[in-house]
Each structure stands twice: as C-alpha cells, then as structure tokens.
Amino acid sequence: MSVIVDASGLSCPQPVILTLNKINELKKGEIKVLVDTDTSKENVSRAAESQGWKVTDIQSNLTGYEITIKK
Amino acid sequence: MFKNFFATRWGIIGVGGIIGVFAALLQKLGNPGNMGICVACFERDIAGAVGLHSAAVVQYMRPEIIGFVLGSFAAAYIFKEFRPRSGSAPIARFTLGIFAMIGALVFLGCPWRALLRLAGGDGNAITGLLGLACGVWIGTLFLKQGYNLGKTNTTHASAGWIMPLMMLGFLVLMLIFPQIDGENKSGILFYSTKGPGAMHAPLFISILVGIVIGFGAQRSRFCTMGALRDLFLFRQIHLLSGVIALVISAFVVNLILGQFNPGFAGQPVAHNMSIWNFAGMTLAGLAFALAGGCPGRQLFLAGEGDGDAAIFVLGMIIGAAFAHNFGLASSPAGVGPHGIAAVVIGIIVCLFIGFTMRNKTT
C-alpha cells in the first residue's frame with residue numbers, strides 16, 4: 001500500500017516540503033501526493049526525481065492531480 | 001500528455017532572458033532608469049494614478065502590470081490551468097503585501113528591479129540583493145519550522161476573474177482618460193508631469209510586452225523569491241537559472257544600448273544608504289517568502305485564479321499609498337523621514353506572522 005501525502009490546497013513550497021519530509025522518513029516505497037495546481041505537480045515531480053525517486057503515474061481529477069512516486 | 005516546455009530548464013532560462021531584454025528595451029523606449037520593469041514601483045505608480053497617494057512624481061497607470069495579469073490569465077485559460085481558489089489567511093497575506101511594498105520602497109525596487117539595477121551597473125543593488133537573500137533565508141527557517149498559511153479552497157470561476165477584470169478596468173480607464181500633455185490630471189486619473197512617473201514607454205508597447213511576459217511567466221512559474229528560497233531550502237537552482245538569465249540578458253542589452261553606468265553615487269532612482277538598502281529588502285524578502293512569491297509571481301498567480309495572491313497584490317498597492325502618505329518611501333536623497341521606523345515595525349509584524357502561523361497537523 002502506498003502512503004498518501006495530502007498537499008491539496010497548499011501553495012508552494014508546502015507540497016514539496018511535505019513530499020520531501022515523507023521521502024526522508026520512508027527512504028523507499030511508494031507515495032501518492034495530492035496537489036491541486038500544475039505548478040505543484042511540476043515542483044513535486046522535480047523534487048522527487050532529484051532524490052532519486054521515479055514519477056510512475058500522474059492522475060488528473062476534478063480537484064487536481066494525484067502523483068505516484070516510487071523508489 | 002502535453003509537456004510544458006516552459007517548465008524545463010531551458011524554458012525558465014528563456015523566460016528570464018526575455019524579461020531582461022524587454023526590461024532594458026522598455027527603458028530605452030522611455031521607462032525610468034534601471035526601471036524597465038519594476039513590479040513594486042509600477043504598482044506604486046498605479047496607486048498614485050488612482051489618487052491613493054499624492055506623490056506627484058510617481059503617478060501613472062502602468063500598462064505592464066495590467067499586461068502581466070492579462071497575459072497570465074490568457075495562458076492559464078489556453079493551457080487549462082485556470083484554477084479559481086482563495087481563502088488561505090487573506091488578512092495575513094494583505095498585511096504581508098503592505099509591508100513587502102514598504103520594504104521595497106525603502107530600497108527603491110522589487111527583486112526584479114534589484115536585478116535590473118545590478119545589470120545597469122548600480123552597485124547599491126548588491127546590498128539590496130543581499131538583504132533580499134537574508135529575508136528569504138529567514139523565511140525558509142520559518143518554513144522548516146512548519147510555517148504555513150493554511151489550505152486554500154476552490155471557489156467560483158468568476159472570483160478568479162476579479163483581478164484580471166480589475167486590471168482590464170484600469171486599462172479602460174486609461175483609454176477613457178488618456179494622458180494630456182503637461183496636465184497632471186485627466187478625468188479621474190493622475191499623471192505625473194515630472195519624475196519617474198512621467199517617464200514611460202508608449203502605452204501600446206508597454207501593454208504588449210506585459211502580456212508576453214505574463215504569458216511566459218505563468219507557463220514557466222518564474223519567481224525571484226522562489227529562486228532564492230529553493231536554493232536555500234532544497235539546493236535547487238531551477239528558478240535561479242531564470243533569474244541569472246535575466247541579469248545577463250539585461251546586462252548585455254544595456255551594454256549595447258549604452259545604458260550600463262557602473263557606480264554607487266547618482267544612480268537613477270536610487271540612494272546609497274547601504275544599511276537601509278539591505279534592511280528594506282530584508283523586510284521585503286521575508287514578506288515575499290512568507291507569502292509564497294515575489295511581486296511578479298503574485299501577479300501571475302492572480303491571473304491564473306489565485307485570489308490569495310490577488311489579495312497580496314492589493315496589499316502592495318495599499319502599502320504604496322501608506323509608504324508615500326506617511327513618508328516611508330525613500331528618494332534619491334535617502335530614506336524617508338519615517339522609513340526606518342516602518343522597516344522595524346514591518347520586520348516585527350513578519351516575525352509575528354512567522355512565529356504564530358504554524359501548521360497544526362505537523
């Protein structure tokens with residue numbers, strides 16, 4: 001099961017901070033990050049990749065995006 | 001899925017470079033010295049144009065600002081990124097906008113102008129930029145401690161249109177009450193007849209450049225505060241590469257146009273009181289960091305439907321009125337009579353916001 005980081009409604013840089021905190025906590029695994037703007041989607045993806053994680057899926061929904069990252 | 005080229009490294013460098021070129025050209029076409037584009041100064045001029053303050057030398061409805069919001073609005077709609085949202089501690093954002101403007105007007109420029117002043121040879125920009133970095137760095141300490149203004153909410157699309165419509169309204173006012181040569185008032189709008197407010201590129205060019213920059217900046221998420229914040233917080237240089245491109249391109253165009261004049265004394269619309277250049281920008285940088293964006297970025301966010309950013313913009317415009325009505329803004333002669341007190345109060349207010357507004361869930 002993947003861990004969920006709910007960063008919806010939060011503006012930069014909060015989604016990135018929350019994602020990196022979770023990455024540092026888990027070290028590896030699967031995380032789903034919920035964000036609601038394209039900026040956050042790009043920033044979270046960029047930050048995850050800089051930590052050696054892979055963006056495996058991005059689902060678009062009514063309120064924003066669900067980004068799946070794995071390591 | 002369509003890949004956003006502007007969000008790549010070369011995209012942000014391209015946008016930063018274009019802003020630098022346009023800024024230097026706008027100066028050539030009539031905008032004030034080292035002020036091809038200055039978001040703080042231009043919002044201050046707008047505050048003057050509608051009579052919120054009566055500093056006769058800085059009153060002009062700057063079309064660049066209008067263009068920034070409208071360009072971003074267009075980009076957001078075309079690329080389906082328009083997301084109407086608001087409700088993340090608006091009163092805190094309004095207050096941060098007020099003090100961000102006051103800090104910027106003690107230095108005499110927003111981060112964009114600090115970079116353009118550097119690219120024009122104004123050595124005083126260095127202390128301003130160091131102050132900006134200091135303020136943003138303090139902001140990152142709060143972010144690390146869980147500082148957060150809270151979640152925003154999705155709202156009506158029309159709520160997201162209000163700031164773009166307001167800007168459109170300003171443009172219409174400008175067309176109904178155009179500048180009359182030698183007159184300081186046309187209908188309800190004030191127009192400077194001397195000083196920086198009297199110096200401007202032709203309306204049509206200013207608005208067009210504004211729209212192009214607004215479009216590109218919305219796509220690329222260009223942000224000067226974010227550049228420093230991401231460097232301090234995440235060791236990321238993505239946004240910073242755009243900022244560096246801005247300085248280099250403006251510097252090169254300034255050299256070509258003969259607008260590069262290195263020195264500290266007698267620089268256009270600047271003073272050389274280093275401590276207050278530093279402190280003013282420390283205040284501004286801290287306020288930008290706590291609010292999540294530099295003045296330019298707040299305009300682009302407002303254009304894509306972010307009502308909280310729009311509130312920050314209005315805070316800056318009201319802050320400009322306070323700055324000139326209360327003698328807080330600097331002039332080439334030095335800091336205003338109450339500028340130093342305002343910087344101290346502003347930093348206390350920002351610290352209050354930073355210390356007390358934490359995310360309860362972390």
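This note walks through a predicted model, point by point, for a reader new to the structure.

1. **The main core.** Start with the largest nonpolar core, which has 117 residues. Within this core, five residues touch the most other members: Ala100(B), Met101(B), Leu105(B), Ala287(B) and Leu290(B). Helix α11 of chain B, residues 274-291, supplies the largest share, 12 residues. As a general point, nonpolar side chains in soluble globular proteins tend to be buried together.

2. **Ala100(B) and its partners.** Which residues does Ala100(B) contact, once its neighbours within four places in sequence are left aside? They are Ala284(B), Ala287(B), Phe288(B), Ala291(B), Pro295(B), Met316(B) and Gly319(B).

3. **A second core.** A separate core of 17 residues exists as well. Its members include Leu10(A), Val35(A), Ile67(A) and Ile69(A).

4. **A cis peptide bond.** Look at the bond from Cys12(A) to Pro13(A). This peptide bond is cis, with omega near 0°. Pro13(A) sits in the loop between β1 (3-6) and α1 (14-26) of chain A.

5. **Lys27(A).** This residue is not a glycine, yet its phi is positive, about 70°. Its place is the loop between α1 and β2 (30-35) of chain A. Is Lys27(A) buried or exposed? Lys27(A) counts as exposed, because it has 7 C-beta neighbours inside 10 Å and the cut-off for exposed is 12 or fewer.

6. **Arg235(B).** Arg235(B) has a positive phi of about 60° and is not a glycine. The residue lies in the loop between α9 (224-234) and α10 (238-257) of chain B. With 8 C-beta neighbours inside 10 Å, Arg235(B) counts as exposed.

7. **α1(A) against α2(A).** The axes of these two helices come within 9 Å and cross at roughly 30°. The cut-off for roughly parallel is under 35 degrees, so α1(A) is roughly parallel to α2(A). The crossing of α1(A) and α2(A) is right-handed. From α1(A), the contact uses Pro15(A), Val16(A), Thr19(A), Leu20(A) and Ile23(A). From α2(A) come Ser40(A), Asn43(A), Val44(A), Ala47(A) and Ala48(A). This contact has 7 nonpolar, 3 polar and no charged residues.

8. **α5(B) against α10(B).** Helix α5 of chain B covers residues 111-119. Its axis and that of α10(B) come within 8 Å and cross at roughly 40°. α5(B) contributes Leu115(B), Leu116(B), Leu118(B) and Ala119(B) to the contact. α10(B) contributes Val243(B), Leu246(B), Val247(B), Ala250(B), Phe251(B) and Asn254(B). The residues of this contact divide into 9 nonpolar, 1 polar and no charged.

9. **Leu255(B).** Stay with helix α10 of chain B, where Leu255(B) lies. With 13 C-beta neighbours inside 10 Å, Leu255(B) counts as partly exposed. Leu255(B) and Ala74(B) are 181 residues apart in sequence. In space they are 33 Å apart, C-alpha to C-alpha.

10. **A covered helix.** Helix α2 of chain B, residues 39-49, is mostly covered. How many of its residues are buried? The count is 11 of 11. Among them are Glu43(B), Arg44(B) and Asp45(B). Val39(B), Phe42(B) and Ile46(B) in α2(B) are buried too. After α2(B) comes Gly51(B), whose phi is positive, near 80°.

Terms used:
Residues numbered from 1 in each chain as written. Chains lettered and ligands numbered in written order. Core = buried A, V, L, I, M, F, W, Y, C linked by C-beta atoms within 7 Å. Buried ≥ 20, exposed ≤ 12 C-beta atoms within 10 Å, placed from the backbone. Helix = DSSP H or I, 4+ residues; strand = E, 2+ residues; numbered from the N terminus. Contact = placed C-beta atoms within 7 Å. Axes fitted to C-alpha atoms, helices over the stretch in contact; angles between N-to-C directions. Parallel < 35°, antiparallel > 145°, perpendicular 65-115°, else oblique. Left-handed = near helix turned anticlockwise from the far one by under 90°. Nonpolar A, V, L, I, M, F, W, Y, C, P; charged D, E, K, R; others polar.
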